[in-house]
Amino acid sequence: MSKLFHDERVCIFCKIVNGEIPSQKVYEDNDLLAFKDIQPKAPVHILIIPKKHIPTVLEAQESDARLLGKMVLVANKIAQDERIAESGFRLVFNCNRDAGQAVFHIHLHLLGGRQLGWPPG
Ligand code: 5GP
Ligand code: ZN
């Protein structure tokens with residue numbers, strides 16, 4: 001994958017953060033934004049992203065530990081708001097080619113509202 005796709009100047013999720021591209025927001029604070037996936041793979045499919053541009057989880061630093069932890073806590077809160085906490089849900093970070101990462105700005109997928117297959121395809 002060309003490093004061009006890692007550049008925040010061409011990053012669609014940075015454009016969502018700064019309002020250049022619209023999104024259906026479900027949560028926002030100073031550090032994070034969560035919005036509905038444009039092509040949902042389950043009845044509930046929400047992406048939780050840091051406002052800061054980090055291309056893949058491989059680029060996350062020790063100093064990002066708190067931010068990454070907060071992403072899980074926000075996913076937890078959204079799962080409860082969406083009423084899928086008890087039925088169950090999945091949290092996924094895709095990284096690089098074999099995982100099918102398509103957007104190089106880290107995002108935590110929150111998926112639920114149906115039985116999810118395991119192992120994933
Ligand atoms: P990845 O495969 O990189 O883990 O997931 C990227 C996700 O971003 C996909 O599920 C895709 O549907 C979603 N996505 C891509 N572009 C947009 C967009 O412009 N808006 C929204 N809301 N979701 C997007
Ligand atoms: Zn970005």
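Q: Is D31 buried, exposed or partly exposed?
A: D31 counts as partly exposed, at 33% relative accessibility. Buried means under 20% relative accessible area, exposed over 50%, and partly exposed in between (1.4 Å probe, protein chains only).

Q: What should I know about the model before going on?
A: This is a predicted model, where local features need pLDDT of at least 70 and side-chain atom pairs count only at pLDDT 80 or more, while totals for chains, interfaces and linings use all residues. Residues are numbered from 1 along each chain as its sequence is written, chains are lettered from A and ligands numbered from 1 in the order in which they are written, and side-chain values use heavy atoms, with hydrogens and water left out.

Q: Back to D31. Which side chain meets it in a salt bridge?
A: K70, with 2.7 Å from N to O. K70 lies in helix α2 (residues 65-81) and D31 in the loop between β1 (25-28) and β2, so the pair ties together parts that are 39 residues apart in sequence. Helices (H or I, at least four residues) and strands (E, at least two) are DSSP runs, numbered from the N terminus. K70 is partly exposed as well, at 28%.

Q: How many salt bridges in the whole structure?
A: A search finds 8. The rule asks for a side-chain nitrogen of Lys or Arg within 4 Å of a carboxyl oxygen of Asp or Glu. Among them is D7 with R9, at 2.5 Å, and R9 is exposed at 68%.

Q: New topic. What coordinates the zinc ion (ligand 2)?
A: C11 (SG), C14 (SG), H53 (ND1) and H105 (ND1), at 2.0 to 2.3 Å. Donors are N, O and S atoms within 2.8 Å of the metal (3.2 Å for Na, K and Ca); water is not among the atoms, so sites may look incomplete.

Q: How are those donors spaced along the chain?
A: The spacing is C-x2-C-x38-H-x51-H. C14 in helix α1 (residues 12-17) and H105 in the loop between α3 (96-99) and β5 (108-112) are 91 residues apart.

Q: Are C14 and H105 buried or exposed?
A: C14 is buried at 13%, and H105 is buried at 0%.

Q: Where does F13 sit, and what is its aromatic partner?
A: F13 is in helix α1 and pairs with F35 in strand β2 (residues 32-36). The ring centres are 5.4 Å apart, with 80° between the planes, which is edge-to-face. Rings of Phe, Tyr and Trp (its six-membered ring) pair if their centres lie within 6.5 Å; planes under 30 degrees apart count as stacked, over 60 as edge-to-face and the rest as tilted.
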